[in-house]
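Student: I've got a model open and I'd like to talk through its fold. Can we go over it together?

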Amino acid sequence: MTFSQQKTYIRERLGISSTDTSKDTEIGLYLNAAILEVVADHALKTSKADLAFTAADPLVTLPADWVRTLSIQRGTVTLQPITWEEYAEFTAGERSADGPLYYDQASGTKLRVLPTPGDTDATGAVIWYVQSPTADDPVDIPAQFHSLPCERVVALMAAAEEALDLVRDAEARAIDLEDRLARFLQKRVGEGSQIIPLRVYRR
C-alpha cells in the first residue's frame with residue numbers, strides 16, 4: 001500500500017466516506033506515528049554512524065535520524081546500557097584514558113557516557129541504531145504488513161469515538177499482524193538476511 005492507500009484503508013475501517021477528507025490530517029499524523037512505532041519496535045530501518053567523544057564531556061550527540069540504539073562499539077569493547085540510577089552511583093566526573101564503558105539516554109538527541117572521555121576523538125565509537133522511517137510512506141515496513149500501523153490507528157481513533165467493538169477488532173488484527181511480522185523477521189534472519197542479531201555485539 002501507498003500512504004494514500006493506507007489512509008483510505010483507515011477511513012473505510014472507521015466508516016468514513018471516501019469523499020470525507022476532514023480527518024485526513026489527523027489520520028496522517030497518527031499513521032506516521034504508528035509507522036514510526038512499528039519501524040522502531042522491529043528495527044526495520046537501521047544504520048551505523050561514528051560517535052564523537054569530547055574530552056571531559058560525558059554528553060555525546062546522536063545522529064539526526066536516530067530513533068533507538070541497538071549497539072555501541074568502541075574498538076573491541078561494547079558499551080553497556082545502564083539506567084540513570086546506575087549512572088548516578090559512579091563517581092561524578094570519573095574519567096578514563098581508555099574510553100567509556102557505559103551509556104545512558106540523556107535526551108532525545110544525546111547519550112551520556114561513562115567514564116567521561118579523557119581525550120577528544122571524532123570517531124570515538126560506532127553506533128548501530130534504528131533510523132527514522134520515511135515520512136508519509138510505509139516503504140520501510142514489509143509490504144504484507146502495511147495494514148499493521150493502519151489497525152493501530154483504527155483502534156486509537158475508534159476508542160475516541162467509543163466504538164468498542166471496532167477497537168477490539170482492530171487491536172486483535174494488530175496483535176495478529178505483529179506476531180506474524182515477528183515470525184517473518186526471525187525466518188528472514190535464519191535464511192541469511194543482512195539483519196544482525198544484537199548478540200553479535202555482546203562480549
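Student: What share of the contacts with a separation of 6 or more comes from residues 24 or more positions apart?

Tutor: Quick caveat: this is a predicted model, where local features need pLDDT of at least 70, side-chain atom pairs count only at pLDDT 80 or more, and totals for chains, interfaces and linings use all residues. Residues are numbered from 1 along each chain as its sequence is written, and side-chain values use heavy atoms, with hydrogens and water left out. Taking a contact as heavy atoms within 4.5 Å, the share for residues 24 or more positions apart is 73%.

Student: How many helices and strands are there?

Tutor: Count DSSP runs, numbered from the N terminus: H or I over at least four residues for helices, E over at least two for strands. That gives five helices and 10 strands.

Student: In the open sheet of four strands, what is the strand order?

Tutor: Strands pair here if DSSP finds at least two bridges between them. β1 (46-53) and β4 (77-78) each have a single partner strand, so they stand at the edges, with one side of each left without a neighbour in the sheet. The pairing is antiparallel, and the order is β1-β10-β3-β4.

Student: How is α1 oriented relative to α2?

Tutor: The axes of α1 (residues 3-14) and α2 (residues 24-42), lines fitted to C-alpha atoms over the stretch in contact, come within 10 Å. They cross at roughly 110 degrees, on a scale from 0 to 180 degrees between N-to-C directions. Residues making the contact include Phe-3 and Ile-10 of α1, and Ile-27 and Leu-31 of α2. Since 65 to 115 degrees counts as roughly perpendicular, that makes α1 to α2 roughly perpendicular.

Student: How many residues of β8 are buried?

Tutor: Buried means under 20% relative accessible area, with a 1.4 Å probe and protein chains only. Strand β8 covers residues 110-114 and is mostly covered. Of its five residues, the buried ones number four.

Student: And in β8, which residue is the bridge partner of Tyr-103?

Tutor: β7 (residues 102-105) pairs with β8 in the antiparallel sense over four bridges, and a hairpin joins the two through four residues. β2 (residues 59-61) also pairs with β8 in the antiparallel sense, over three bridges, with Val-60 opposite Leu-111. For Tyr-103, the partner in β8 is Val-113.

Technical notes:
Buried means under 20% relative accessible area, exposed over 50%, partly exposed in between (1.4 Å probe, protein chains only). Angles under 35 degrees count as roughly parallel, over 145 as roughly antiparallel, 65 to 115 as roughly perpendicular and the rest as oblique.
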